[in-house]
Amino acid sequence: METLAQAGIPVVGENRAQDLEEKHARYADAFRWHFIGHLQSRKAKIVNEICELCHSLDSESAARRLTIPALVEVNLSGEPTKSGILPAELSRFLELYPDIRGLMTMPPATGDPESSRPYFRRLRALAEAHGLPELSMGTSQDYAVAAEEGATLVRVGSVLWQG
C-alpha cells in the first residue's frame with residue numbers, strides 16, 4: 001500500500017470489509033476507496049463510511065442498506081459459485097437502487113485472456129442498453145482485453161506484485 005501511495009495511485013479497491021477497515025485506518029486519505037468484493041448487507045455500513053463506489057451490488061438487502069454509488073454485479077457465465085444477478089434480472093434490479101453508475105462482471109477464470117472477451121462485450125452491450133456509463137471488468141489475468149472492450153475500471157492486484 002505504501003508503494004501504491006508513493007507512486008501516486010489515486011484509487012484502490014478492497015475485497016473484504018474487515019481488510020478495508022484495517023487498511024483505511026492506516027492509509028485513510030492516501031487513496032480514494034472502492035469496494036470490489038461480494039457485499040454482504042451487514043457490511044454495507046462499513047462500505048458506506050469509507051468508499052466512494054461499490055463494484056458489487058447484487059442483492060436487494062444490500063441495496064436497502066447501501067448509500068453510495070454502485071455498480072451492479074452481473075453473473076454472465078451463470079456459474080453458481082459466482083456472485084451477481086442474472087442478466088434477465090437486470091431491468092428489475094436497476095429499479096431498486098437510485099444511484100447505479102454501471103455494471104461489473106467476473107468471467108470464468110482462464111489462462112487465456114481472449115476467452116474473457118465475449119463476457120466483456122456482453123456486459124458492455126447490457127450497459128449501453130440501460131444507459132450506464134461505467135464498466136468494471138478485467139482483472140490481472142485479462143485487463144488488457146477488458147480495456148479493449150470498454151472497461152472504465154479494472155481490478156488488478158497480483159499483476160502489481162509480479163517481478
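This is a predicted model: local features need pLDDT of at least 70, side-chain atom pairs count only at pLDDT 80 or more; totals for chains, interfaces and linings use all residues.

Student: How is a helix to be read, and what span does α6 have?

Tutor: An α-helix has 3.6 residues a turn, so residues three or four places apart point the same way. Helices (H or I, at least four residues) and strands (E, at least two) are DSSP runs numbered from the N terminus. Helix α6 covers residues 117-129, 13 residues in total, and reaches 18 Å from its first C-alpha to its last. That is close to the 18 Å expected at 1.5 Å a residue, the expected span being 1.5 Å times one less than the number of residues. After α6 comes Gly131, with a positive phi near 65°.

Student: Which residues of α6 are buried, and what covers them?

Tutor: Buried means under 20% relative accessible area, exposed means over 50%, and partly exposed lies in between (1.4 Å probe, protein chains only). In α6 the buried residues are Arg117, Phe120, Leu123, Leu126 and Ala127. Their cover includes α5 (90-94), β5 (100-104), β6 (134-139) and α7 (143-148), where contact means heavy atoms within 4.5 Å.

Student: Which residues of the largest nonpolar core touch the most other members?

Tutor: In soluble globular proteins, nonpolar side chains tend to be buried together. A nonpolar core is a set of buried Ala, Val, Leu, Ile, Met, Phe, Trp, Tyr and Cys residues joined through side-chain atoms within 4.5 Å. The largest one here has 40 residues, of which Val47, Leu57, Leu66, Val72, Val74 and Leu103 touch the most other members. Helix α6 gives the most to this core, with four residues. As for Val72, leaving aside neighbours within four places in sequence, its contacts are Leu57, Ile85, Leu90, Phe93, Leu94, Ile100, Gly102, Leu103 and Met104.

Student: How many aromatic pairs are there?

Tutor: A pair of aromatic rings is described by the distance of the centres and the angle of the planes. Rings of Phe, Tyr and Trp (its six-membered ring) pair if their centres lie within 6.5 Å; planes under 30 degrees apart count as stacked, over 60 as edge-to-face and the rest as tilted. By this rule there are two aromatic pairs. In one of them, Phe31 and Trp33 are edge-to-face, at 5.7 Å centre to centre with 85° between the planes. Phe31 is buried at 5% relative accessible area, and Trp33 is buried at 3%. Together with Tyr27, Phe31 and Trp33 form one aromatic cluster.

Student: How many salt bridges are counted, and which residue does Lys23 pair with?

Tutor: Side chains of opposite charge can pair when their charged atoms come close. A salt bridge is a side-chain nitrogen of Lys or Arg within 4 Å of a carboxyl oxygen of Asp or Glu, and the count comes to twelve. Lys23 pairs with Glu14, the closest N and O atoms being 2.6 Å apart. Glu14 lies in strand β1 (residues 11-14) and is buried at 8%, whereas Lys23 is partly exposed at 28%.

Student: Which parts of the chain does the bridge between Glu149 and Arg124 link?

Tutor: The side chains of Glu149 and Arg124 meet at 2.8 Å, N to O. This pair links distant parts of the chain, 25 residues apart: Glu149 is in the loop between α7 and β7 (153-155), and Arg124 is in helix α6. Glu149 is buried at 5%, while Arg124 is partly exposed at 27%. Salt bridges that share partners join Glu114, Arg117, Arg121, Arg124, Glu128, Glu148 and Glu149 into one network.

Conventions
Residues are numbered from 1 along each chain as its sequence is written. Side-chain values use heavy atoms; hydrogens and water are left out.
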